[in-house]
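Open the model in your viewer and keep the selection tool at hand.

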Amino acid sequence: MKDRIIVALDTDSPEAALATVKALSGEVGMFKVGMELFPRGGPELVRRIREAGFDVFLDLKFHDIPNTVAGAVRYAAALGVKFATVHASGGRAMLTAAAEAARGTGTTILAVTVLTSLDDADLADVGFSLGAAQAVERLSDLAVSCGVKGIVCSAKEVEAVRARVGKGVTLVTPGVRMPGDIEGDQKRVVTPAEAIRRGADYLVVGRPITKSADPVAAARAIAASMRGVSPASRNRSRVNARPARSASE
């Protein structure tokens, strides 16, 4: 189970990030470099994490015109990252361009549906007519129909998404917290065990590990909580999976 934990390196410096990577060696499966760290460490940091023997999840959430996103995806793939994110709300042409740019590179594109810091009221503020759960489903359908092979969604929606897209699509869930953890700026959270039970493939965990007094112990506790969990939703997905709908449905 530890290989299914992705640690978010939301640190103050590349040096601190690399120290975290070293400290957690053998305890987790992958490290996420996002918008807070990448401007500080850049491609060189990604290379150093990979040289240390770890996969990298490059979480820059590309969202631009199709040609620009395709170029960004090609560059991310050239760095050898395992995952790279785009915003599903970028639309059909952008998602298709991202998927085509990643094809055959070894990099899986993950479409970010609705951020875990947002709830129904937040979506209404920016003009969404759908609530979070419905928006996640609609955006997941759209992304998969465009050839995207992975989805980022809250674990609260992952069971419904798994039933729609089937077992061939990678589902990554952020906003995971152990019982009693402070939720911070996250609004749609569940425990690691519940995320796995609902059908998640990977869990993104940041502050509960990196801000812990003992990050190794925290990582081990999360992995232990995930062991023995039956992903019942995956079994159901084999029966309930249905083709992705078009955005017009």
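Select helix H10 first: the cover over its buried residues includes E1, helix H8 (192-198), E8 and helix H9 (207-210). Helices (H or I, at least four residues) and strands (E, at least two) are DSSP runs numbered from the N terminus. This is a predicted model, in which local features need pLDDT of at least 70, side-chain atom pairs count only at pLDDT 80 or more, and totals for chains, interfaces and linings use all residues. Residues are numbered from 1 along each chain as its sequence is written, and side-chain values use heavy atoms, leaving out hydrogens and water.

Within H10, pick Ala218, Ala219, Ile222, Ala223 and Met226, which are buried (under 20% relative accessible area, 1.4 Å probe, protein chains only). They lie on the same side of H10, because they cover an arc of only 135° around the axis (taken from the directions from the helix axis to the C-beta atoms).

Now show the strands E1-E2-E3-E4-E5-E6-E7-E8, which form a closed barrel of eight with parallel pairing; strands pair if DSSP finds at least two bridges between them. Zoom to E5 (residues 108-112) and E6 (residues 150-152), parallel strands joined by three bridges. Val112 has Val152 in E6 as its bridge partner.

Finally, select the whole protein chain: 49% of its 249 residues count as buried.

Key: Buried < 20%, exposed > 50% of the residue type's maximum accessible area, 1.4 Å probe, protein only. Contact = heavy atoms within 4.5 Å.
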